[in-house]
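I opened this notebook to keep track of what I looked up.

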Amino acid sequence: MNNSWLDIIFIVVGVALTLLTLPGSFELCLLTLGSLLPGRPNLQRRIAGGFRLAIIIPAHNEEENIERCVQSVQRCARPLVGLTTVVIADNCADATAALAQQAGARVLERSNAELRGKGYALDFAFKTLLAEGFDAFIVIDADSEVEPNLISEFVRLFAEGAQAIQCAYLVNKPESSVRARLMNTALLAFNSLRPRGRDRLGLSCGILGNGLGLTRETLLSVPYEAGSVVEDLEYHLKLVKAGRMVWFADSTTVRADMPAGGRGAKTQRARWEGGRLQMVWQFVPELTRGILKGETKLVEPLLDLLLQPLAFHVLVLLITLAIPVFPVRLYACIALVVVTLHVLAAIVLGGGGIRDLVALAVAPFYVIWKLALLPKVLINASGKADWVRTERAGKSEITITPTQSSAKNIV
C-alpha cells in the first residue's frame, strides 16, 4: 500500500475517532466550567403547613442493610410533622419487611413474579402514596446511609419551588479498598461535579436513582413508568422531554455500598453500562429529531448520552493521539487535558483528597478490566441478559429468571 492511501486511511480513521469523542469532550468541558459558577442562592423560604413527605426505601432481600438504612434516615433532622419512612419490600424472600418495621419504618409489601425491579417497585410506591395525599417523596436505596441534613435540604429546595431534586451519590467507606477508592473518584465526577455543573448552568442536573426527590405534581404529570435496567436515566429523559427540571442539592450526600470486587463488581458495572448503551440506542434518534425541531432543552441530555464511560473515552482518545495526523493529535491532546481537569475538579470540589489522586495510578488496570466486560455490556444493552442481584461481601449472587431482564437491581 503506497503512502498516499495510508495517509487517507489515517485521516479517515482520525476523523471518525474525533467525531466519536467530540460530543463527550465538549460535554466534559461544559460541565467542568459550569461547576465553577456560583450556586443557587438560599431564599430562606418555609414549606407550607400540612406538607406531607414520604422517604421511600425500595428493598429486595435487604435484611443485612435495611435496619442501618432506616436508622440513618431516622437520625436526620426532621423539619416536618408529616414525615413518614416507607420501605417497599419488593418480592422479598427474607426478613427485610420485619426488620424494617422493627427499625421504625412503615412497610408496603409487593409481590409480582413478572414485573420485578426497582422501577416497578417505585411506581407501585408512588401510586399507593399519591392516593394517600402525600405531597413529595425522597428515594433512598436500601444499602445507603444519608447525611443528617438530607431531609432539611430537600425540604428547603421544595419550598423554593423545586419539582425534582437530586443530591450527590457517592461510595460508602471508599477507604475499604483501592477499587472502592477509584470508584468513589469516578462518582465524584459523574454523581457530583456533573450534576453541579448542569445545575449552575440552569440545566436539569439529571437523576442518579439514589437520593432523588419528586413532588406530587411532577409524578402526576410524568408518572414513574420506567422499567429499564437504568430506570433513573430513562425517567430523567422523560422529565426533560416534558419540560421538567431536576435541581441539584449540593449541600448533602447519600452514600451507598458498592461491591468490593469479583462477580458483584462485574455484574453491576456490566448492567449499568449495558443499560446506558440501551438508552443511547433508544433515545439518541428521538432526541436528535427533537433538537432539529428546535427543542434546545434536549441538547445537553443528548451530549450526555453520547459521552462514553470515562475509561472508554480516555482509551479512544489515546488511540486518536496515536494517529499521525496533526489536527487529530492536537484535538486528542486538548481533549485529554479536559479529562484531566474534569477529574481534578471533581476531586477538589467533591471534597476528595490525596488518596483519591493516588488511586488514579491504578486507572490503566481498571480500563483493561472494563474492556474485558464489553461482551457482557453488549448483552445487557440488548435486553436479553438475566437480571442478577449484585453480589456483596459475604453474600451470594442470586440469579433471576429471564423475564426480569429489563429490571434494574433494587439495591
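The entries below go through the salt bridges and then the patch.

Entry 1. I noted that this is a predicted model, where local features need pLDDT of at least 70, side-chain atom pairs count only at pLDDT 80 or more, and totals for chains, interfaces and linings use all residues. Residues are numbered from 1 along each chain as its sequence is written, and side-chain values use heavy atoms, without hydrogens and water.

Entry 2. I looked up salt bridges (a side-chain nitrogen of Lys or Arg within 4 Å of a carboxyl oxygen of Asp or Glu). The count is 17.

Entry 3. I checked Asp199, which forms a salt bridge with Arg40 at 3.1 Å, N to O. Asp199 lies in helix 6 and Arg40 in the loop between helix 1 and strand 1, so the pair ties together parts 159 residues apart in sequence. Helices (H or I, at least four residues) and strands (E, at least two) are DSSP runs, numbered from the N terminus.

Entry 4. I found Glu234 and Lys238 joined by a salt bridge of 3.8 Å, N to O. They sit 4 residues apart in helix 8, about one helical turn.

Entry 5. I also found a network of salt bridges linking Glu27, Arg198, Glu300 and Asp304.
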